Amino acid sequence: MVPDSPLYGLLAEFKGLDQLIQASEKMREKGYRRMDAYSPFPSEDLNEAIGHHTNPLAKFVFCGGLIGVISGFSMEYFASVIHYPWRIGGKPLNSWPAFIPIAYECMILGAALTAVFGMFILNGLPMHYHPVFNIPEFEKASKDGFFLSIEAQDKQFNLAETKAFLQSLGPVAVHEVPQ
Amino acid sequence: MAASPQAPLLEPGQTYGSVTDKISGIVLTKNTPITWFIIFTCAFALLMMMLGSISWLLIKGIGVWGVNIPVGWGFAIVNFVWWIGIGHAGTLISAILFLLHQTWRNSINRFAEAMTLFAVACAGLFPLLHVGRPWRAYWLFPYPNTMSMWPQFRSPLMWDVFAVSTYATVSALFWFVGLVPDVAAMRDRAKNPIAQRFYGILAMGWRNSAKHWNVHDTASLLLAGLATPLVLSVHSVVSFDFAISIVPGWHTTIFPPYFVAGAIYSGFAMVLTLMIPFRKLYHMEALITERHIDNMAKVMLATGLMVAYGYLMEAILCWYNGSQYEVGMFFSRIKGPYWPAYWALILCNIVIPQVLWWKKNRLNTLVLWGVSIVVNIGMWLERFVIVVISLHRDFVPSSWGIYHPTFWDLSLFIGTMGFFLTLLFLFIRFIPAISIFETRHLLHESEHHKDGVHGS
Amino acid sequence: MNDTFEPSTNFKELPILKKPEEKVYWRSMDELADSAEFRTYLETEFPSKHDTWLDPVSRRDFLKVMGASLGLMMFTACRRPLEKIFPVNEAPENQIPGKPVFYATALAFGGLAQGVIVETHEGRPTKIEGNPAHPDSLGATDVFTQAAILDMYDPDRSQSVVHRGVVSSLDSFVRALTPELAVQKQTQGASFRIVSEVTSSPSLLAQRAAFLKAYPKAQWIQYEPLGRYNALQGAKLAFGDFLEARLNVEKADVIVSLDSNFLDEGPAKLRYAREFAAGRQLTDGRTTMNRLYVVEPCPSITGSTADHRLALRASDIESFARELARALNVSDVAAGGALSPEARKWVNVVAADLSRSRGSSLIVAGDEQPPVVHALAHAMNQALGNAGRTVSYASSPVAESATGWQDMQQLVKDMEEKRVDLLLFVGGNPIYDLPVDVELARYMNRVQFVARLGLHENETSNLSHWHVPQAHALESWNDVRALDGTITIAQPMIEPLYGGKTPQEFIALVLENAHSAHDLLKDYWKKESRVALFDSFWQQSLHDGIVSHTALATHQPNVRSGFAKEFSAIKGDVEIVFRPDPTIWDGRFANNAWLQELPKPISKLTWDNAAYLSPAMAKRLNVENGDLVSLNYKGRTLDVPVWITPGHADQSLSITLGYGRTKAGRVGDQHGFNAYMLRTSDAPYFDGGLTVTKKGGSYKLVATQTHHSMEGREIVRAATLAEYKSDPKFSYRKTDWPEESETLYDTAPKLDEETGWGLTIDMNGCTGCNACIIACQSENNISTVGKDQVSRGREMHWIRVDNYFEGSTDNPEMLHQPVTCMHCENAPCEPVCPVGATSHTAEGLNQMVYNRCVGTRYCSNNCPYKVRRYNFFQYADDSTEQFKFMRNPDVTVRSRGVMEKCTYCVQRIQEVKIEAMKTDREIKDGEIMTACQSACPTRVITFGNIRDKKSRVAQLKNEPRNYAMLGDLGVRPRTTYLAKVRNVNPEI
Amino acid sequence: MAQIFSRNSNPLSRLLIALVIFTVLGGLGLITAVYRSPYMNRVGVPPEQPVPFSHKHHVQQLGIDCRFCHTSVENSSFAGIPSAKTCMTCHSQMWTNAQVLEPVREAFRTNQPVPWVRVHHLPEFVYFNHSVHIAKGVACTTCHGPVDHMEMLYQHSTLWMSWCLQCHRHPEKFVGAKAAVFQSNWIDSRTQDLNMNIDLAKAELPDGNSLQTPEDIRKALVKHRKIPNAMSMTECYVCHR
């Protein structure tokens with residue numbers, strides 16, 4: 001880490017989830033927005049508190065599935081009815097009941113792919129470098145640590161004040177996070 | 001079920017830290033248990049045998065197997081269906097139980113999902129190898145070509161191609177999504193720089209932030225929602241390979257449900273077969289408690305009964321439709337040249353598992369382990385009965401024949417087991433076999449459950 | 001794993017014009033024959049099992065090039081004989097490359113002619129058809145004739161003159177022979193013997209006369225192990241002369257066969273089978289049919305076709321014949337031995353039935369029965385006034401061979417006493433197939449000079465000083481008579497592959513007037529024919545395949561009496577019966593893979609013979625199929641596996657000759673058991689005094705069909721004539737014919753309205769002779785797979801003849817059913833193919849595209865008739881040059897991992913369709929014939945356009961007996977069957 | 001824990017992902033391109049021949065008819081390759097001692113074939129029949145291209161199954177006047193239309209003169225010659241047996 005580099009923001013560590021939740025709520029009341037909270041397991045209350053509790057993934061997935069099923073069936077239809085029709089066992093060219101399974105699988109595939117890649121994109125992953133990793137204690141975030149970060153970009157942000165306010169929320173420690 | 005006041009899902013006295021360290025410890029430890037090396041070596045040897053018999057098959061042709069006319073499908077298809085079926089338990093545990101908020105799944109789903117992947121990998125080999133000209137197998141995929149030819153989409157085998165490949169892809173992605181937070185944890189625990197980078201790259205910079213968790217939860221939920229119908233469809237499609245045909249003993253509408261039930265049955269059996277030794281080997285009693293074992297045993301018993309119902313229905317339907325070919329096929333099952341296979345199947349899948357009615361048997365891991373193995377055998381026999389017995393005596397008596405598996409049939413089958421175990425043991429060695437973050441979550445909830453804040 | 005499947009190391013890409021970087025040019029057969037690769041080809045495993053990752057090597061490019069070469073070479077370098085020959089449709093000089101040319105010729109079998117028409121492509125014979133103009137073919141062929149094509153290309157044929165095992169040359173042979181001849185001239189050939197196969201060739205017999213003139217004290221013996229000596233001697237007994245009985249089966253209403261397999265054995269079997277079927281055809285409103293009684297020990301094709309069959313020990317046939325003759329008041333016939341009550345009843349019933357139809361009945365004696373039975377048959381026919389009506393007599397074209405059996409014994413005696421110095425074998429294999437007590441082999445070394453002319457270097461060549469390669473019939477100029485004497489001038493299709501000599505050429509060397517066979521023959525006929533315009537006579541004869549007006553005159557001899565005065569019964573309670581093998585005859589076809597793999601008509605065994613016995617006898621011996629038993633007979637022992645045969649006479653054990661060859665070639669060696677080791681000169685066909693003991697241990701016998709019960713399913717439908725008359729539609733089931741409307745798929749593309757191919761098989765005429773199987777194999781380049789693969793259920797025949805038993809196991813009814821691809825309109829195989837390798841044409845063909853097939857075998861699983869065949873290995877031998885020449889260029893050779901099946905001979909359909917399209921004309925009914933159809937002796941297979949109501953096949957499908965096998969599955973098969981009708985006699 | 005990855009690892013990883021996607025797609029594209037290139041199917045690449053025979057010279061300049069050498073094209077599946085004799089009919093008179101013709105003379109003397117290199121090569125499982133195509137009015141040049149402009153003969157068409165199917169699905173786009181099948185003006189000078197001699201076609205049709213556009217004429221020709229419909233013409237057995 002480079003101490004004299006410009007500041008990314010502040011990172012406050014808390015004792016437990018409940019404290020983190022309260023702190024996050026306080027910060028929001030204070031008008032801070034560009035924050036994020038870190039906990040070793042998902043917690044809807046925390047998401048509520050910090051304000052990350054909605055996302056558009058479901059809509060994307062729906063579209064993905066729709067594209068999948070349509071392209072799947074139209075491929076089958078084009079192949080067996082339009083492009084090269086064969087007489088097969090006295091069955092119609094457009095044997096749509098027989099086309100259902102493949103169309104169905106295509107739908108699932110389309111939807112699932114959207115879900116996974118949507119997740120990564122919405123989370124801005126991969127992002128192997130992130131300032132918060134500069135703080136050695138942050139390692140606990142994937143074990144039993146509960147953190148709250150405020151970015152310097154936040155218009156409310158003022159190093160001294162913010163730090164002081166954070167201190168008032170009873171954290172275990174507050175770190176300055178370099179870029 | 002999670003809320004019921006019975007044996008806990010976690011031994012008391014666990015903390016976020018302790019569970020994290022315990023699980024990641026398995027992977028990050030310097031000293032791998034010697035048993036791991038022993039089993040891995042055996043598995044690897046078998047894998048080599050598989051490669052050997054595959055090469056022989058490719059050099060010589062399908063004829064090295066016992067298949068013939070009328071029995072055009074032999075071990076290859078039997079094993080394919082068997083492996084696919086085994087795979088299904090993983091998806092079921094991770095997806096369906098997830099949707100049903102069965103929190104007890106948490107400590108076993110990672111393991112089960114991994115099992116799914118590897119089972120599907122084994123299964124996927126067989127359709128490819130059993131075609132006469134594997135070097136032409138790409139014709140099974142629709143792609144623009146200079147022949148302006150297309151696959152024939154009415155064929156259940158085409159449905160298989162799509163179903164199985166979709167299934168493999170989706171399970172792999174689902175598994176990876178669940179894995180990301182844990183490899184992040186590994187990244188943070190790892191001391192050795194190579195390990196750090198390895199897990200670091202896999203973790204893709206996961207930060208456990210509320211933002212991440214939020215989207216991650218949605219994604220998991222959606223994937224579970226997709227995987228559930230997928231797993232049901234896959235084994236239905238596999239059953240269509242038979243149900244769509246006109247062969248007596250294949251041409252029946254009960255196949256889809258009863259194949260799915262059978263798949264889950266064999267899947268859970270396989271989970272137990274692997275989980276029980278694993279639990280012992282890595283002293284995971286704290287995380288994989290008797291409760292898990294008991295629940296899985298119950299699921300096995302239930303699905304076992306469904307399968308039994310399936311067999312009964314087959315007999316009744318065959319009597320009911322009264323077709324002489326169906327009746328003939330049924331009698332060739334119970335007293336034809338392959339009668340031992342049929343009766344052994346009844347013994348393994350219906351009679352023996354009834355011991356699971358008694359709790360003490362369910363909790364006696366040794367008994368349970370034995371039963372689970374028996375069920376695995378039984379389910380393999382079921383596929384053998386369906387594939388071979390139905391084919392060997394169909395409509396025209398002059399063409400009746402007999403199928404003798406050859407050495408290469410067996411070696412390939414056993415070889416895939418080696419393939420499966422090799423992958424599994426690599427997984428156990430390098431990837432947290434139990435979902436860490438879900439265990440933490442479970443711990444958190446159970447604590448709040450004690451002071452009655454939350455319930456699940 | 002079986003070791004017959006080791007990849008052959010010397011795989012060579014065909015010489016073809018393909019890509020610039022791999023220019024290899026094929027010029028002519030002899031260049032090829034001399035090349036080193038060619039020699040190595042001959043070493044390759046056969047049937048060669050060659051694995052390749054490639055699709056079949058470009059066989060047809062090779063032929064395209066051959067076509068090109070022909071154009072380039074103006075036919076001179078290709079192995080067409082330089083002599084002018086005259087094809088059926090056009091002369092070679094205006095032969096069109098890429099188009100087949102057809103030539104008429106004849107193959108000799110047992111010395112008598114089978115008239116054929118041979119299809120040749122660019123000078124290579126590829127397919128044999130019957131010659132409709134020939135009296136003993138009538139357009140049909142039998143299995144041996146069909147398989148001759150493979151014999152000709154057999155890579156194991158002898159390639160060069162051999163002297164004491166060392167390759168030599170014809171010149172040195174002649175040089176060695178000349179002094180010997182000189183010596184003989186002094187002694188008038190006193191110690192000079194020639195042993196040839198039976199022959200009716202006028203030119204060869206003329207040479208024989210010339211030979212005997214030059215060497216008055218010499219002998220020329222005509223010997224065949226299964227020569228029809230009994231028939232000739234029987235005629236001698238009855239008429240005092242070697243006459244041939246010529247049957248007119250069609251005219252006969254009641255036929256009694258005394259152990260005669262006349263539908264499948266003998267020179268005129270094809271004609272007899274045709275007439276027999278015609279005599280019981282129930283189509284076009286006919287309701288009368290002939291009735292066939294068969295009395296025989298072991299089930300034969302004739303027996304299985306009979307309306308009534310009595311299983312009687314061969315030794316009791318004579319007694320039966322005597323009783324029957326007495327019942328028909330034939331004068332002074334001594335009574336035979338005691339008969340079973342059943343047999344007695346038979347005598348009375350049959351006699352009554354015969355006398356009801358005097359003049360229109362027929363009694364036939366089997367070639368395996370002693371002369372007296374034949375004489376009795378002649379006497380009975382005369383007594384019934386059949387002579388001149390259903391049977392007529394003429395002198396035999398092979399009369400000169402009548403004493404061959406005894407002559408051979410005399411020859412060996414002479415050799416033993418050193419009275420033979422110069423011995424020439426012209427074909428044949430006496431070392432192997434002489435009776436065991438005629439010890440030729442033992443005294444061979446007492447002869448100074450032994451030479452043999454033969455197709456293969458076989459057991460006899462081994463013990464001869466010289467071996468000279470013989471030209472195959474398809475490579476030879478020859479003339480040969482049919483049973484009725486009609487002469488065919490046989491022309492070669494190709495010059496001898498290995499420079500073989502014809503018998504005429506060989507004898508010419510002896511007579512020291514060496515000429516080419518062509519000149520010899522032409523000169524002979526110039527003298528014989530005495531026609532003004534010889535050239536036009538010659539051309540006409542070659543073109544037609546027969547020389548007109550050469551049939552021998554018939555006459556009405558009187559049967560002498562008193563030949564049957566005394567009767568001597570055969571001792572011993574268990575009898576042994578020797579029979580010709582239905583697929584390899586006396587062993588001469590042992591190296592023919594097609595015939596080895598062809599299932600025996602009744603047992604369905606392949607690649608082996610066995611001891612056939614009745615279920616009852618098997619129970620007493622406590623043996624199963626394949627268990628080894630020891631046969632003790634006249635102090636000799638042979639261990640053979642048994643095959644339990646329902647309908648076999650009890651206390652009788654029959655075994656076929658021709659197996660157990662030791663020097664047949666790579667295909668024929670070490671298969672089966674050599675029954676000649678038990679056969680003695682005094683009892684050539686059967687004898688009592690056999691003791692059978694279970695030996696313990698067993699031998700792997702391989703049959704293509706193991707289950708002979710129909711399990712109550714209506715696969716083959718049959719009724720009696722009475723039932724048929726009362727209900728002509730007895731085989732009709734409504735469920736077999738689902739209405740067009742009975743479908744969920746009414747939007748399916750409709751099939752063509754003008755043309756729809758279909759096939760019918762009239763079970764009433766099918767004798768189960770297997771001719772269709774080999775015809776199909778030859779036409780469609782079907783591979784043989786070897787015993788091991790057959791045992792795994794992987795035989796490749798596109799058409800099979802199923803054989804079902806009904807009724808008691810002691811004497812069941814037997815039903816033969818040929819099964820082709822049914823070309824179902826709703827074919828179950830089609831929807832399950834993932835790559836669309838099998839689909840349907842508008843004209844109703846279920847097409848199978850080999851080059852698209854990936855080999856999932858799903859189609860075969862879903863085929864209710866199980867007519868699809870699969871290349872589990874690289875069965876097609878793509879490394880042996882000869883087979884590339886042999887194959888039909890119009891049919892793709894299937895590679896490993898590919899499904900194949902009957903196509904209704906689509907290549908023939910396409911050929912005709914294209915010709916018709918070119919001139920926008922209609923295709924005539926009967927213009928397209930499938931291979932099985934054109935081979936069928938009884939003409940029960942009919943192919944054609946079912947949409948054309950006037951076509952024969954459409955009419956047959958309207959017959960009341962028409963039924964669809966497994967029609968209730970709703971697959972709407974295009975191949976349908978006409979149910980079988982038996983003309984039973986209620987009194988039995 | 002300290003940073004494992006440097007600051008610029010983020011753009012790097014994104015770049016990497018993009019790269020992977022690109023290589024996969026690009027790779028597939030490349031394979032397809034190569035497979036369909038003349039390098040693979042030899043279209044337009046004249047092979048080395050033992051004798052530098054010029055179709056241009058013989059057809060265009062000397063005006064020799066196709067059938068003079070390819071004798072069996074009208075009645076056999078195989079068009080026929082001329083024998084040395086055919087060559088010598090003229091070359092015994094002209095160019096009698098031209099070095100290039102030595103192989104031909106040698107072949108004529110020794111009765112051995114001239115080792116021509118096959119230009120149009122079909123797989124052995126494809127059964128193509130020249131005569132019926134000629135009979136239905138598919139001109140030589142429709143498939144063999146401007147042979148009369150070829151110094152050295154090369155393969156004009158891909159001979160892919162898809163290529164065959166074009167015509168078997170839409171014969172009305174390809175058939176021409178029967179009288180013109182052997183004409184080498186493979187582009188009609190006036191209509192600039194492929195193998196379509198309007199006048200001859202009209203002459204051939206009963207109601208020829210009532211028709212105007214080449215399209216109509218071709219449709220009429222297809223009907224007139226009873227060429228089956230697309231679905232029958234694209235059945236497997238038409239070409240594979």
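**Conventions**

I take helices (H or I, at least four residues) and strands (E, at least two) as DSSP runs, numbered from the N terminus. I note that this is a predicted model, in which local features need pLDDT of at least 70 and side-chain atom pairs count only at pLDDT 80 or more, while totals for chains, interfaces and linings use all residues. Residues are numbered from 1 along each chain as its sequence is written, chains are lettered from A and ligands numbered from 1 in the order in which they are written, and side-chain values use heavy atoms, with hydrogens and water left out.

**Entry 1**

I looked up two residues of chain C for their backbone angles. C:Trp585 sits in the loop that runs between β20 (575-579) and α20 (593-597) of chain C. Its phi is positive, about 55°, although C:Trp585 is not a glycine. For burial I use relative accessible area: buried is under 20%, exposed is over 50%, and partly exposed is in between (1.4 Å probe, protein chains only). C:Trp585 counts as buried because its relative accessibility is 11%.

C:Arg164 belongs to the loop between β4 (162-163) and β5 (166-167) of chain C. I find a phi near 50° for C:Arg164, again a positive value in a residue other than glycine. Is C:Arg164 buried or exposed? With a relative accessible area of 58%, C:Arg164 is exposed.

**Entry 2: C:Gln406 and C:His518**

I then turned to two helix residues of chain C. C:Gln406 is part of helix α13 (residues 404-416), and C:His518 is part of helix α18 (residues 517-529). C:Gln406 has a relative accessible area of 42%, so I record this residue as partly exposed. C:His518 has a value of 8% and is therefore buried.

I also checked two C-alpha separations. C:Gln406 and C:Ser681 are 275 residues apart along the chain, and their C-alpha atoms are separated by 8.5 Å. C:His518 and C:Gly123 are 395 residues apart along the chain, with 18 Å between their C-alpha atoms.

**Entry 3: chain C as a whole**

I count 29 helices and 40 strands in chain C. The radius of gyration is taken over C-alpha atoms, and the globule rule is 2.2 Å times the number of residues to the power 0.38. For 988 residues a compact globule would have a radius near 30 Å, and the 28 Å of chain C agrees. The C-alpha trace of chain C spans about 90 × 75 × 65 Å along its principal axes. Of its 988 residues, 69% count as buried.

With contact meaning heavy atoms within 4.5 Å, residues 24 or more positions apart account for 75% of the chain C contacts with a separation of 6 or more. The accessible surface of chain C is about 31100 Å², and 52% of this belongs to carbon and sulfur atoms; such areas come from the Shrake-Rupley method with a 1.4 Å probe, and for residues only the protein chains shown count as cover.

**Entry 4: chain A as a whole**

Chain A has 5 helices and 4 strands. Their order along the sequence is β-α-β-α-α-α-β-α-β. The radius of gyration of chain A is 25 Å, well over the 16 Å that the globule rule gives for 179 residues, so chain A is more spread out than a compact globule. The box filled by its C-alpha atoms is roughly 80 × 30 × 30 Å along the principal axes. Buried residues make up 55% of the 179 residues in chain A. Among contacts in chain A between residues at least 6 apart in sequence, I find that 79% join residues at least 24 apart. Chain A exposes about 7600 Å², with 62% supplied by carbon and sulfur atoms.

**Entry 5: helix α5 of chain A**

Which residues of helix α5 (residues 159-168) of chain A are buried? I list A:Thr162, A:Phe165 and A:Leu166. They lie on the same side of α5(A), because they cover an arc of only 100° around the axis (the arc is that of the directions from the helix axis to the C-beta atoms). The exposed residues A:Ala160 and A:Ser168 are carried on the face of α5(A) turned away from the buried side. The cover over the buried residues includes β1 (7-14), α1 (17-29), β3 (146-151) and β4 (173-178) of chain A.

**Entry 6: cis peptide bonds**

I recorded a cis peptide bond between A:Leu125 and A:Pro126, with omega about -5°. A:Pro126 is located in the loop between α4 (96-122) and β3 of chain A. In chain B, B:Ile69 and B:Pro70 are joined by a cis peptide bond with omega about 15°. B:Pro70 is located in the loop between α2 (34-60) and α3 (75-99) of chain B.
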